[in-house]
Amino acid sequence: HNQTLPIVIIGTGLSGYTLARELRKLDTETPLVLITADDGRSYSKPMLSNGFAKGKTADELAQADADTQAQALNARIMTHTRVEGIDPEAGRITTDAGTLDYGRLILAWGANPIRIPLEGDGMDALYQVNDLTDYGHFREGVAGARRVVILGAGLIGCEFANDLINGGFEVEVVAPDPRVLPALLPEAASEAVRAGLEEAGVRFHLQHSASAVHRTSEGVIVTLDDGRMIEADLGVAAVGLQPRTELADAAGIECGRGIRVNQYLETSAPGVYALGDCAEVCGHVLPYVMPLMAAARALAKSLTGERTPVHYGSMPVTVKTPACPVAVCPPPADADGEWHVEGEGRSLRVLFRSENGDLLGFAVTGDCAGEKQSLSKEVPAILP
Ligand code: FAD
(Lines give C-alpha, C1' and ligand atoms only; values in the text may rest on other atoms or scores of the structure.)
Protein backbone atom coordinates (compact mmCIF):
# COMPACT_ATOMS: atom_id res chain seq x y z
CA HIS A 1 0.00 0.00 0.00
CA ASN A 2 0.95 3.59 -0.56
CA GLN A 3 2.00 5.18 2.76
CA THR A 4 1.51 8.74 1.58
CA LEU A 5 -2.16 8.20 0.85
CA PRO A 6 -4.61 8.41 3.74
CA ILE A 7 -6.21 5.64 5.69
CA VAL A 8 -9.87 6.09 4.81
CA ILE A 9 -12.63 4.87 7.11
CA ILE A 10 -16.17 4.80 5.75
CA GLY A 11 -18.59 5.26 8.63
CA THR A 12 -18.57 7.27 11.86
CA GLY A 13 -20.62 4.93 14.01
CA LEU A 14 -19.08 3.15 16.97
CA SER A 15 -16.92 1.07 14.60
CA GLY A 16 -15.47 3.95 12.61
CA TYR A 17 -14.83 6.22 15.58
CA THR A 18 -13.52 3.47 17.85
CA LEU A 19 -11.07 2.37 15.17
CA ALA A 20 -9.94 5.96 14.58
CA ARG A 21 -9.38 6.43 18.31
CA GLU A 22 -7.44 3.17 18.67
CA LEU A 23 -5.39 4.06 15.61
CA ARG A 24 -4.47 7.45 16.99
CA LYS A 25 -3.23 5.86 20.23
CA LEU A 26 -0.59 4.13 18.10
CA ASP A 27 0.03 6.62 15.31
CA THR A 28 -0.74 10.31 15.53
CA GLU A 29 0.46 11.30 12.07
CA THR A 30 -0.70 9.06 9.19
CA PRO A 31 -3.33 11.05 7.26
CA LEU A 32 -6.76 9.85 8.30
CA VAL A 33 -10.06 10.52 6.56
CA LEU A 34 -13.49 9.50 7.83
CA ILE A 35 -16.49 9.66 5.53
CA THR A 36 -20.07 9.51 6.67
CA ALA A 37 -23.46 9.83 5.06
CA ASP A 38 -24.79 11.39 8.27
CA ASP A 39 -23.75 14.44 10.29
CA GLY A 40 -20.84 12.68 11.98
CA ARG A 41 -21.97 13.28 15.55
CA SER A 42 -20.61 10.61 17.84
CA TYR A 43 -23.07 8.78 20.04
CA SER A 44 -23.56 5.42 21.68
CA LYS A 45 -26.14 3.57 19.60
CA PRO A 46 -27.37 1.29 22.41
CA MET A 47 -28.73 4.42 24.09
CA LEU A 48 -31.31 4.80 21.31
CA SER A 49 -33.49 2.11 22.84
CA ASN A 50 -33.52 3.40 26.38
CA GLY A 51 -33.99 7.06 25.63
CA PHE A 52 -37.16 7.30 27.73
CA ALA A 53 -35.71 5.47 30.70
CA LYS A 54 -32.76 7.83 30.59
CA GLY A 55 -34.83 10.83 29.52
CA LYS A 56 -32.57 11.75 26.63
CA THR A 57 -33.37 13.60 23.41
CA ALA A 58 -31.26 13.07 20.29
CA ASP A 59 -29.21 16.19 20.97
CA GLU A 60 -28.56 15.07 24.52
CA LEU A 61 -27.32 11.68 23.26
CA ALA A 62 -24.80 13.30 20.93
CA GLN A 63 -21.41 13.21 22.61
CA ALA A 64 -19.45 15.35 20.15
CA ASP A 65 -20.00 16.89 16.74
CA ALA A 66 -17.90 16.10 13.68
CA ASP A 67 -15.60 19.14 14.06
CA THR A 68 -14.77 18.24 17.64
CA GLN A 69 -14.11 14.66 16.60
CA ALA A 70 -11.92 15.78 13.68
CA GLN A 71 -9.77 17.83 16.03
CA ALA A 72 -9.49 15.14 18.68
CA LEU A 73 -8.55 12.53 16.06
CA ASN A 74 -6.34 14.72 13.91
CA ALA A 75 -8.50 13.59 11.00
CA ARG A 76 -10.49 14.97 8.14
CA ILE A 77 -14.16 14.09 8.50
CA MET A 78 -16.37 14.35 5.44
CA THR A 79 -19.98 14.55 6.64
CA HIS A 80 -23.16 14.22 4.56
CA THR A 81 -21.03 12.43 1.99
CA ARG A 82 -22.19 9.13 0.58
CA VAL A 83 -19.77 6.60 -0.85
CA GLU A 84 -21.14 5.21 -4.09
CA GLY A 85 -18.43 2.90 -5.36
CA ILE A 86 -15.09 1.27 -4.63
CA ASP A 87 -12.34 0.49 -7.12
CA PRO A 88 -9.90 -1.74 -5.22
CA GLU A 89 -7.57 -2.06 -8.21
CA ALA A 90 -7.11 1.68 -8.45
CA GLY A 91 -7.32 2.22 -4.67
CA ARG A 92 -10.06 4.76 -5.18
CA ILE A 93 -13.56 5.39 -3.92
CA THR A 94 -16.29 7.39 -5.54
CA THR A 95 -18.56 9.56 -3.41
CA ASP A 96 -21.36 11.95 -4.22
CA ALA A 97 -18.74 14.68 -3.63
CA GLY A 98 -16.06 13.32 -5.97
CA THR A 99 -13.35 10.64 -5.88
CA LEU A 100 -10.72 9.93 -3.26
CA ASP A 101 -7.58 7.78 -3.37
CA TYR A 102 -6.79 5.67 -0.33
CA GLY A 103 -3.76 3.90 1.03
CA ARG A 104 -5.87 1.55 3.12
CA LEU A 105 -9.67 1.46 3.18
CA ILE A 106 -11.87 0.39 6.09
CA LEU A 107 -15.52 -0.40 5.61
CA ALA A 108 -17.39 0.45 8.81
CA TRP A 109 -20.66 1.39 7.24
CA GLY A 110 -23.04 -0.67 9.36
CA ALA A 111 -26.28 -2.41 8.51
CA ASN A 112 -29.59 -1.47 6.94
CA PRO A 113 -32.86 -1.96 8.76
CA ILE A 114 -34.84 -4.57 6.89
CA ARG A 115 -37.98 -3.24 5.23
CA ILE A 116 -40.81 -5.69 5.03
CA PRO A 117 -43.06 -5.13 2.07
CA LEU A 118 -46.56 -4.37 3.33
CA GLU A 119 -49.65 -3.37 1.49
CA GLY A 120 -51.19 0.02 2.01
CA ASP A 121 -50.05 3.60 1.99
CA GLY A 122 -48.54 3.63 5.46
CA MET A 123 -45.07 2.17 4.93
CA ASP A 124 -43.47 5.61 5.06
CA ALA A 125 -45.27 6.30 8.31
CA LEU A 126 -43.40 3.50 10.10
CA TYR A 127 -40.37 4.70 12.01
CA GLN A 128 -37.12 2.76 11.89
CA VAL A 129 -34.62 3.79 14.52
CA ASN A 130 -31.09 2.83 13.51
CA ASP A 131 -29.16 6.04 14.01
CA LEU A 132 -29.23 9.33 15.87
CA THR A 133 -31.04 11.14 13.05
CA ASP A 134 -33.76 8.47 12.98
CA TYR A 135 -34.02 8.76 16.74
CA GLY A 136 -34.49 12.52 16.52
CA HIS A 137 -37.38 12.07 14.07
CA PHE A 138 -38.87 9.32 16.17
CA ARG A 139 -38.80 11.45 19.33
CA GLU A 140 -40.54 14.28 17.45
CA GLY A 141 -43.13 11.87 16.08
CA VAL A 142 -43.87 10.24 19.39
CA ALA A 143 -44.36 13.50 21.26
CA GLY A 144 -48.09 13.75 21.87
CA ALA A 145 -48.72 10.13 20.86
CA ARG A 146 -50.41 7.66 23.20
CA ARG A 147 -50.56 4.35 21.35
CA VAL A 148 -47.54 2.84 19.63
CA VAL A 149 -47.48 -0.35 17.56
CA ILE A 150 -44.15 -2.09 17.08
CA LEU A 151 -43.50 -4.62 14.32
CA GLY A 152 -40.92 -7.14 15.47
CA ALA A 153 -40.14 -8.83 18.79
CA GLY A 154 -36.38 -9.19 18.49
CA LEU A 155 -33.79 -7.32 20.51
CA ILE A 156 -34.66 -3.88 19.24
CA GLY A 157 -38.44 -4.44 19.21
CA CYS A 158 -38.44 -5.69 22.81
CA GLU A 159 -36.13 -2.93 24.03
CA PHE A 160 -38.31 -0.27 22.43
CA ALA A 161 -41.44 -1.89 23.82
CA ASN A 162 -40.03 -1.75 27.34
CA ASP A 163 -38.73 1.78 26.94
CA LEU A 164 -42.00 3.10 25.53
CA ILE A 165 -43.98 1.46 28.33
CA ASN A 166 -41.67 3.21 30.77
CA GLY A 167 -42.32 6.39 28.84
CA GLY A 168 -46.06 6.04 29.57
CA PHE A 169 -47.23 4.86 26.14
CA GLU A 170 -49.62 2.04 25.28
CA VAL A 171 -47.59 -0.51 23.38
CA GLU A 172 -48.64 -3.35 21.10
CA VAL A 173 -46.11 -5.65 19.48
CA VAL A 174 -46.77 -7.72 16.35
CA ALA A 175 -44.43 -10.53 15.34
CA PRO A 176 -44.79 -13.72 13.27
CA ASP A 177 -42.76 -15.86 15.67
CA PRO A 178 -44.43 -17.78 18.49
CA ARG A 179 -42.14 -16.15 21.05
CA VAL A 180 -40.06 -13.04 21.71
CA LEU A 181 -36.34 -12.83 20.88
CA PRO A 182 -36.58 -16.14 18.97
CA ALA A 183 -33.15 -15.87 17.36
CA LEU A 184 -31.34 -15.11 20.60
CA LEU A 185 -33.07 -16.89 23.49
CA PRO A 186 -34.07 -20.43 24.40
CA GLU A 187 -37.80 -20.86 24.91
CA ALA A 188 -37.96 -20.65 28.71
CA ALA A 189 -36.03 -17.38 28.71
CA SER A 190 -38.27 -15.98 25.94
CA GLU A 191 -41.32 -16.78 28.04
CA ALA A 192 -39.84 -15.04 31.07
CA VAL A 193 -39.14 -11.89 29.07
CA ARG A 194 -42.58 -11.93 27.48
CA ALA A 195 -44.24 -12.36 30.87
CA GLY A 196 -42.20 -9.49 32.30
CA LEU A 197 -43.08 -7.18 29.44
CA GLU A 198 -46.75 -8.19 29.56
CA GLU A 199 -46.93 -7.47 33.25
CA ALA A 200 -45.43 -4.07 32.55
CA GLY A 201 -48.30 -3.52 30.10
CA VAL A 202 -47.04 -4.52 26.65
CA ARG A 203 -49.63 -6.35 24.53
CA PHE A 204 -48.21 -8.96 22.20
CA HIS A 205 -49.72 -10.32 19.01
CA LEU A 206 -47.33 -13.18 18.39
CA GLN A 207 -47.66 -15.68 15.57
CA HIS A 208 -49.20 -12.95 13.48
CA SER A 209 -47.53 -11.02 10.74
CA ALA A 210 -48.65 -7.62 9.62
CA SER A 211 -50.08 -7.70 6.13
CA ALA A 212 -50.85 -4.04 5.58
CA VAL A 213 -50.33 -0.64 7.08
CA HIS A 214 -52.44 2.39 6.30
CA ARG A 215 -52.25 5.98 7.31
CA THR A 216 -55.17 7.54 9.15
CA SER A 217 -55.81 11.06 10.31
CA GLU A 218 -54.59 10.04 13.77
CA GLY A 219 -51.70 7.79 12.84
CA VAL A 220 -51.58 4.29 11.41
CA ILE A 221 -53.66 1.13 11.21
CA VAL A 222 -51.78 -2.13 11.00
CA THR A 223 -53.75 -5.04 9.59
CA LEU A 224 -52.77 -8.51 10.78
CA ASP A 225 -52.83 -11.67 8.69
CA ASP A 226 -56.08 -12.75 10.40
CA GLY A 227 -57.77 -9.49 9.45
CA ARG A 228 -57.60 -7.88 12.88
CA MET A 229 -56.62 -4.22 12.91
CA ILE A 230 -54.47 -2.36 15.38
CA GLU A 231 -54.88 1.37 15.50
CA ALA A 232 -52.05 3.46 16.81
CA ASP A 233 -50.78 7.01 16.77
CA LEU A 234 -47.41 5.80 15.67
CA GLY A 235 -45.77 2.68 14.21
CA VAL A 236 -42.22 1.42 14.58
CA ALA A 237 -40.67 -1.29 12.38
CA ALA A 238 -37.94 -3.28 14.11
CA VAL A 239 -37.75 -6.48 12.09
CA GLY A 240 -34.01 -6.85 11.85
CA LEU A 241 -30.83 -5.57 10.26
CA GLN A 242 -28.96 -6.58 7.14
CA PRO A 243 -25.22 -5.87 6.82
CA ARG A 244 -24.56 -3.35 4.05
CA THR A 245 -22.86 -5.48 1.41
CA GLU A 246 -24.12 -4.00 -1.87
CA LEU A 247 -21.21 -1.66 -2.68
CA ALA A 248 -18.61 -4.23 -1.62
CA ASP A 249 -20.30 -6.88 -3.71
CA ALA A 250 -20.39 -4.57 -6.71
CA ALA A 251 -16.64 -3.99 -6.24
CA GLY A 252 -15.98 -7.72 -6.41
CA ILE A 253 -15.27 -8.00 -2.68
CA GLU A 254 -16.38 -11.33 -1.28
CA CYS A 255 -19.62 -11.17 0.72
CA GLY A 256 -21.74 -13.72 2.52
CA ARG A 257 -24.29 -12.57 5.08
CA GLY A 258 -21.89 -9.69 5.66
CA ILE A 259 -18.67 -8.47 4.07
CA ARG A 260 -16.41 -11.47 4.55
CA VAL A 261 -13.20 -10.89 6.45
CA ASN A 262 -10.61 -13.18 8.02
CA GLN A 263 -9.35 -12.95 11.57
CA TYR A 264 -7.20 -9.97 10.50
CA LEU A 265 -10.33 -8.12 9.36
CA GLU A 266 -9.01 -8.32 5.77
CA THR A 267 -11.54 -8.54 2.95
CA SER A 268 -10.77 -10.38 -0.27
CA ALA A 269 -9.46 -7.09 -1.75
CA PRO A 270 -5.91 -6.13 -0.77
CA GLY A 271 -5.76 -3.09 1.49
CA VAL A 272 -9.51 -3.19 2.23
CA TYR A 273 -10.79 -4.14 5.69
CA ALA A 274 -14.19 -4.32 7.36
CA LEU A 275 -15.53 -4.33 10.92
CA GLY A 276 -18.73 -3.74 12.85
CA ASP A 277 -22.30 -4.37 11.75
CA CYS A 278 -21.33 -4.69 8.06
CA ALA A 279 -18.75 -7.43 8.59
CA GLU A 280 -18.84 -11.19 8.71
CA VAL A 281 -15.73 -12.12 10.70
CA CYS A 282 -14.68 -15.74 10.08
CA GLY A 283 -18.33 -16.62 9.53
CA HIS A 284 -19.67 -14.65 12.53
CA VAL A 285 -22.12 -11.77 12.07
CA LEU A 286 -22.26 -10.20 15.54
CA PRO A 287 -23.92 -6.79 15.40
CA TYR A 288 -22.99 -5.76 18.95
CA VAL A 289 -20.61 -3.36 20.62
CA MET A 290 -18.18 -5.80 22.26
CA PRO A 291 -17.07 -7.52 19.04
CA LEU A 292 -16.55 -4.25 17.20
CA MET A 293 -14.38 -2.94 20.05
CA ALA A 294 -12.17 -6.02 19.91
CA ALA A 295 -11.98 -5.74 16.11
CA ALA A 296 -11.06 -2.05 16.29
CA ARG A 297 -8.18 -2.72 18.70
CA ALA A 298 -6.74 -5.52 16.56
CA LEU A 299 -7.17 -3.63 13.30
CA ALA A 300 -5.52 -0.49 14.69
CA LYS A 301 -2.41 -2.60 15.39
CA SER A 302 -2.48 -4.17 11.94
CA LEU A 303 -2.81 -0.80 10.25
CA THR A 304 0.21 0.50 12.15
CA GLY A 305 2.49 -2.35 11.22
CA GLU A 306 1.83 -5.23 13.60
CA ARG A 307 -0.52 -7.63 11.80
CA THR A 308 -2.84 -8.76 14.59
CA PRO A 309 -5.77 -11.21 14.61
CA VAL A 310 -8.94 -10.38 16.47
CA HIS A 311 -10.00 -12.73 19.25
CA TYR A 312 -13.52 -12.91 20.54
CA GLY A 313 -13.90 -14.37 23.99
CA SER A 314 -17.37 -15.28 25.18
CA MET A 315 -19.50 -12.19 24.76
CA PRO A 316 -22.81 -12.07 26.59
CA VAL A 317 -25.51 -9.98 24.93
CA THR A 318 -27.54 -8.01 27.45
CA VAL A 319 -31.06 -7.14 26.38
CA LYS A 320 -32.22 -3.85 27.88
CA THR A 321 -35.61 -5.00 29.11
CA PRO A 322 -35.73 -3.90 32.76
CA ALA A 323 -39.20 -5.49 33.05
CA CYS A 324 -37.27 -8.75 32.91
CA PRO A 325 -33.52 -8.30 32.64
CA VAL A 326 -31.87 -10.90 30.42
CA ALA A 327 -28.39 -11.77 29.22
CA VAL A 328 -27.47 -14.50 26.79
CA CYS A 329 -24.48 -16.28 25.31
CA PRO A 330 -26.00 -18.33 22.49
CA PRO A 331 -24.33 -21.70 21.95
CA PRO A 332 -22.52 -22.19 18.61
CA ALA A 333 -25.02 -22.89 15.81
CA ASP A 334 -23.75 -26.42 15.24
CA ALA A 335 -23.28 -27.35 18.92
CA ASP A 336 -24.54 -30.69 20.16
CA GLY A 337 -26.26 -30.56 23.52
CA GLU A 338 -29.42 -29.67 25.37
CA TRP A 339 -30.96 -26.79 27.25
CA HIS A 340 -31.59 -27.26 30.98
CA VAL A 341 -33.82 -24.89 32.90
CA GLU A 342 -33.13 -23.97 36.52
CA GLY A 343 -34.90 -21.48 38.74
CA GLU A 344 -38.50 -20.42 38.80
CA GLY A 345 -40.90 -17.72 37.78
CA ARG A 346 -39.07 -15.05 35.91
CA SER A 347 -35.67 -15.72 37.41
CA LEU A 348 -34.16 -18.45 35.29
CA ARG A 349 -30.81 -19.93 34.56
CA VAL A 350 -31.11 -21.74 31.24
CA LEU A 351 -27.95 -23.66 30.47
CA PHE A 352 -26.89 -25.35 27.25
CA ARG A 353 -24.68 -28.31 28.06
CA SER A 354 -22.92 -30.80 25.83
CA GLU A 355 -23.33 -34.51 26.42
CA ASN A 356 -20.32 -34.57 28.73
CA GLY A 357 -21.58 -31.63 30.72
CA ASP A 358 -19.58 -28.72 29.26
CA LEU A 359 -21.37 -25.40 29.34
CA LEU A 360 -21.64 -24.16 25.74
CA GLY A 361 -24.18 -21.38 26.12
CA PHE A 362 -26.67 -19.86 28.54
CA ALA A 363 -29.44 -17.37 29.11
CA VAL A 364 -30.13 -15.82 32.50
CA THR A 365 -33.24 -13.82 33.33
CA GLY A 366 -34.71 -11.80 36.16
CA ASP A 367 -32.78 -12.10 39.43
CA CYS A 368 -30.34 -14.53 37.75
CA ALA A 369 -29.32 -12.02 35.07
CA GLY A 370 -26.45 -10.86 37.27
CA GLU A 371 -24.80 -14.24 36.85
CA LYS A 372 -23.82 -13.45 33.26
CA GLN A 373 -20.22 -12.55 34.10
CA SER A 374 -19.41 -15.67 36.04
CA LEU A 375 -21.19 -17.95 33.56
CA SER A 376 -19.57 -16.38 30.52
CA LYS A 377 -16.18 -17.31 31.94
CA GLU A 378 -17.22 -20.95 31.61
CA VAL A 379 -18.39 -20.92 28.00
CA PRO A 380 -15.90 -21.34 25.13
CA ALA A 381 -14.55 -18.34 23.24
CA ILE A 382 -16.40 -17.43 20.03
CA LEU A 383 -13.19 -16.85 18.08
CA PRO A 384 -10.15 -18.13 19.95
P1 FAD B 1 -23.39 2.22 12.42
O2 FAD B 1 -23.49 2.81 13.75
O3 FAD B 1 -24.64 1.88 11.71
O4 FAD B 1 -22.54 3.23 11.54
C5 FAD B 1 -22.54 3.20 10.15
C6 FAD B 1 -21.91 4.47 9.61
O7 FAD B 1 -21.70 4.31 8.21
C8 FAD B 1 -22.76 5.71 9.77
O9 FAD B 1 -21.90 6.79 10.06
C10 FAD B 1 -23.37 5.88 8.37
O11 FAD B 1 -23.69 7.22 8.08
C12 FAD B 1 -22.22 5.42 7.52
N13 FAD B 1 -22.57 4.97 6.17
C14 FAD B 1 -23.36 3.96 5.78
N15 FAD B 1 -23.39 3.83 4.45
C16 FAD B 1 -22.56 4.80 3.97
C17 FAD B 1 -22.15 5.20 2.67
N18 FAD B 1 -22.57 4.55 1.56
N19 FAD B 1 -21.32 6.25 2.54
C20 FAD B 1 -20.86 6.91 3.64
N21 FAD B 1 -21.21 6.56 4.90
C22 FAD B 1 -22.05 5.53 5.05
N23 FAD B 1 -25.29 -3.56 20.87
C24 FAD B 1 -24.86 -3.95 22.10
O25 FAD B 1 -23.79 -4.54 22.20
N26 FAD B 1 -25.60 -3.66 23.21
C27 FAD B 1 -26.78 -2.99 23.14
O28 FAD B 1 -27.41 -2.75 24.17
C29 FAD B 1 -27.25 -2.56 21.87
N30 FAD B 1 -28.39 -1.85 21.74
C31 FAD B 1 -28.81 -1.43 20.52
C32 FAD B 1 -29.97 -0.69 20.40
C33 FAD B 1 -30.40 -0.25 19.16
C34 FAD B 1 -31.67 0.56 19.06
C35 FAD B 1 -29.67 -0.57 17.99
C36 FAD B 1 -30.14 -0.11 16.65
C37 FAD B 1 -28.51 -1.30 18.10
C38 FAD B 1 -28.06 -1.74 19.35
N39 FAD B 1 -26.88 -2.48 19.49
C40 FAD B 1 -26.46 -2.87 20.74
C41 FAD B 1 -26.01 -2.75 18.33
C42 FAD B 1 -24.85 -1.74 18.25
O43 FAD B 1 -25.35 -0.47 18.55
C44 FAD B 1 -24.23 -1.80 16.87
O45 FAD B 1 -23.63 -3.07 16.72
C46 FAD B 1 -23.17 -0.74 16.59
O47 FAD B 1 -23.58 0.53 17.01
C48 FAD B 1 -22.80 -0.73 15.11
O49 FAD B 1 -21.89 0.27 14.82
P50 FAD B 1 -21.30 0.46 13.36
O51 FAD B 1 -20.34 1.59 13.49
O52 FAD B 1 -20.79 -0.84 12.84
O53 FAD B 1 -22.52 0.87 12.44
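**Charged side chains and their partners**

R349 is partly exposed, with 23% relative accessible area; partly exposed covers the range between buried (under 20% relative accessible area) and exposed (over 50%), using a 1.4 Å probe and protein chains only. The model is predicted: local features need pLDDT of at least 70, side-chain atom pairs count only at pLDDT 80 or more, and totals for chains, interfaces and linings use all residues. Residues are numbered from 1 along each chain as its sequence is written, and side-chain values use heavy atoms, leaving out hydrogens and water.

The side chain of R349 meets that of E371 in a salt bridge, with 2.6 Å from N to O. R349 belongs to strand β24 (residues 347-353) and E371 to the loop between β25 (359-365) and α10 (372-376), so this pair ties together parts 22 residues apart in sequence. Helices (H or I, at least four residues) and strands (E, at least two) are DSSP runs, numbered from the N terminus. E371 is also partly exposed, at 23% relative accessible area.

A salt bridge here is a side-chain nitrogen of Lys or Arg within 4 Å of a carboxyl oxygen of Asp or Glu. Side chains of opposite charge can pair when their charged atoms come close. The structure holds 18 salt bridges. One of them joins E159 to K320, with the closest N and O atoms 3.0 Å apart. This pair links distant parts of the chain, 161 residues apart: E159 sits in helix α6 (residues 155-166), and K320 in the loop between β21 (317-319) and β22 (326-329). E159 counts as buried because its relative accessibility is 2%, while K320 is partly exposed at 24%.

A further salt bridge stays within one helix. The side chains of R194 and E198 meet at 2.7 Å, N to O. Both residues lie in helix α7 (residues 187-200), and because they are 4 residues apart, about one helical turn separates them. E198 is partly exposed, with a relative accessible area of 33%. Elsewhere, salt bridges link D39, R41 and D59 in a network.

E172 has a histidine partner. This glutamate lies in strand β11 (residues 170-175) and is buried, with a relative accessible area of 17%. Its side chain makes a polar contact with the side chain of H205 at 2.5 Å. A polar contact is a pair of N or O atoms within 3.5 Å; within protein, one must be able to donate a hydrogen and the other to accept it, and residues adjacent in sequence count only if both atoms are side-chain atoms. Not counting residues up to four places away in sequence, E172 touches V148, V149, I150, R203, H205 and I230, where contact means heavy atoms within 4.5 Å.
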